[in-house]
There are 2 protein chains.
Amino acid sequence: MKSMPLQLESYLGKPVEALPTPALIVDADALEHNLACLAGYFARRKARLRPHFKSHKCVTLARRQLAAGNTAGITCAKLSEAEVLVAGGVKDVLIANQVVGKPKAERLAVLNHAATVRAAVDGAENVEELGAAAVAAGVAIGVLIEIDVGMRRCGVPPGEPALALARKIAATPGLRLDGLQAYEGHLVTCPDFEERRARVTDAMQPVAATRRLLEAAGLPCPIVSGGGTGTYEITGNLPHFDEIQAGSYALMDCAYAKVSPMFHNALFVLATILSSGRGFAVADVGLKGMGNEFGLPVIAGHPEARPRSIAEEHLPIDNFGAAVGEKIRIIPSHGCTTCNLHRRMWIFRRGMIEDMWPIEASGCLE
Amino acid sequence: MKSMPLQLESYLGKPVEALPTPALIVDADALEHNLACLAGYFARRKARLRPHFKSHKCVTLARRQLAAGNTAGITCAKLSEAEVLVAGGVKDVLIANQVVGKPKAERLAVLNHAATVRAAVDGAENVEELGAAAVAAGVAIGVLIEIDVGMRRCGVPPGEPALALARKIAATPGLRLDGLQAYEGHLVTCPDFEERRARVTDAMQPVAATRRLLEAAGLPCPIVSGGGTGTYEITGNLPHFDEIQAGSYALMDCAYAKVSPMFHNALFVLATILSSGRGFAVADVGLKGMGNEFGLPVIAGHPEARPRSIAEEHLPIDNFGAAVGEKIRIIPSHGCTTCNLHRRMWIFRRGMIEDMWPIEASGCLE
């Protein structure tokens, strides 16, 4: 009695509105514009793009990002994402986060038999743990020292603490010091570009100083990695940055539309109106199909429509007269947490379904 | 190179802290207390419990809720959840929501070959759509008219609009009018119990009047269904309510702990400290492993710890000195959106792993 798994064959060439809802749908023209736009930008820069997988969690899309060119590999947020990427044939992955605990250190080491999979580090015990796993597996694990540039999350302070950790890494068998990572996450959505530029440039200066400090101590930093969709024109132009970890640029969302208007919105949640009348309508998607932490979504093509709130499976929309059964396209406020809720994305071009890509790493993988 | 799927056999009998994180873990003693507590309450009432599947999306747990007794069947939020439940052997399901569009109407009709699967309705066109699908499939679909008691979401106003829709249903081949549904979702977490009682009782009076109106017109309403974990003692005591749709009581969360203290917290996200020092620690779970719409989570056993914010994969916790690698138990603010992010829940008793239950309906199913 369980419904049949959705097959591409049943929907190929049909209007995207034929899909059962809620469905994650991606405009191929907008996606291709975004990939070409950012690849073109990095064609003219020293820094490379290392697209962030966490924004979409879809291996097919990661491969498209690599194929667009001027990339250094893929960034991801956690070991389980790296495992999905390597299983999908990606050969150079940076886990922009700490991989902690002996079992995960062992998984990371094993993964390095099949690909180059680096991790960020910010503590001596974790360095020892990764080194021991690498030696046991007969591999070298490349690590980047994470520098806290003001986000107050993971990372060591710049300068001497980073140098001390670099010396520790250099003295640890099984590890290879590959450079530094610094993410200016607290600044990426600062609305005014000039203010963003000034604050990001300022925040990233200690990273340059730390790189010089380590190099003076005979500890070269071939890779300095950081940045995002909101700052690629800033961090990507700093002479001491080698890789930019932009992710949201590929699919976009309401929040980044304000920050990075050169990219087009490619991501929508297709929804069906369940109930209508009395001045409002209710769509069949809520918190279980859309991220909400950057605010309420936008109804594409209906500037008059005002989402009122977001429940688990309902989106009540004021000032909206859509009929029951009508399909609408919703632009989520945050693409990253939205893709995480779906198992597949449907690719459409000029309204017609062209492909279906699994979102292999969606949900909370361990 | 992809990591092996997690097997129960590898973890059975081990401390719950042996699990890779983030992991959804459930305290079996607390869960059993909650199931027995609410089943015991309904043993002494006319109304039955119809546990809401959307809170956990786990078929094994739904079966435990039925086995605890005094239930009328299971409630769920959407057709795809009902399909998962019927595939898992559940024989009586209420979809407490509209099932809209011909393809979904057909799926609902087919499902009624294997089980009794009712749906809520609030519009004439949807009634025709469901009736046509039922006739085509050779089944009768039972429907409840949803009454809007002030939440301003789905539903018709009480009184004459409900009577008009009831007449329409009675005149539609393939449909069976089984009663009314009314959910007081805007009142379920009202903090003061006496205020909640007064407001819920008041909001539900028009439902009683509507039931009498329909019965006077020769349209009996054998089932009136509504209520939740925060209102079961109120709605469950109203003489005109037959079924209570409580869901959160089974696993609980921070938000319902304030509203319904008779239930124990059974649900935690097990996390690992990735980074520590400088007065705060960072755990390896964020928005992609925990719902946040009811606020920040709580660190179990550490009243001094103050989660500062929640990122996609990080929870920075101020005033917390846990060591890197330490496992902590986090109580999410909302269990329903948290379970939706995980593919399995690990059942533990007095710290040791006892079972693993798949969360079959997690993620955004179509």
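1. Two residues are said to be in contact if their C-beta atoms, placed from the backbone, lie within 7 Å. By that criterion, 58 residues of chain B are in contact with 58 residues of chain A. The structure is a predicted model, in which local features need pLDDT of at least 70, side-chain atom pairs count only at pLDDT 80 or more, and totals for chains, interfaces and linings use all residues. Residues are numbered from 1 along each chain as its sequence is written, while chains are lettered from A and ligands numbered from 1 in the order in which they are written.

2. On the side of chain B that touches chain A, at least two residues each come from helix H4 (79-87), helix H5 (102-111), helix H6 (124-137), strand S10 (267-277) and helix H11 (335-339) of chain B; here helices (H or I, at least four residues) and strands (E, at least two) are DSSP runs, numbered from the N terminus. The most is given by H4(B), with 5 residues. By residue type, this side of chain B divides into 23 nonpolar, 19 polar and 16 charged residues, where Ala, Val, Leu, Ile, Met, Phe, Trp, Tyr, Cys and Pro count as nonpolar, Asp, Glu, Lys and Arg as charged, and the others, Gly among them, as polar.

3. How the copies are related comes next. The same surface serves both copies, since 100% of the contact residues of chain B recur in chain A.

4. Within chain A, the domain assignment, whose bounds come from an automatic or database source, gives domain 1 (8-26 + 262-358) and domain 2 (28-251). The centres of these two domains of chain A, taken over C-alpha atoms, are separated by 32 Å, and 18 residues of domain 1 of chain A are in contact with 18 residues of domain 2 of chain A. On the side of domain 1 that touches domain 2 in chain A, helix H11 (335-339), strand S16 (344-349) and strand S17 (352-358) each supply at least two residues, and S16(A) gives the most, with 4 residues. That side of domain 1 of chain A comprises 12 nonpolar, 4 polar and 2 charged residues.

5. Chain A also holds an open sheet of 8 strands with parallel pairing, in the order S2-S9-S8-S7-S6-S5-S4-S3; two strands pair if DSSP finds at least two bridges between them. Strand S2 (48-49) and strand S3 (74-76) of chain A are the edge strands, each pairing on one side only. S2(A) pairs with strand S9 (residues 243-244) of chain A in the parallel sense over 2 bridges, and A:Leu49 stands opposite A:Ile244 in S9(A).

6. Some backbone details deserve a look. The peptide bond from A:Thr21 to A:Pro22 is cis, with omega near 0 degrees, and A:Pro22 is placed in the loop between helix H1 (8-11) and strand S1 (23-27) of chain A. In chain B, a cis peptide bond joins B:Thr21 and B:Pro22, with omega about -5 degrees.

7. A:Arg350, a residue other than glycine, has a positive phi near 45 degrees and is found in the loop between S16 and S17 of chain A. A:Arg350 counts as exposed, with 9 C-beta neighbours inside 10 Å; a residue is buried if 20 or more other C-beta atoms lie within 10 Å of its own, exposed if 12 or fewer, and partly exposed in between, with C-beta atoms placed from the backbone.
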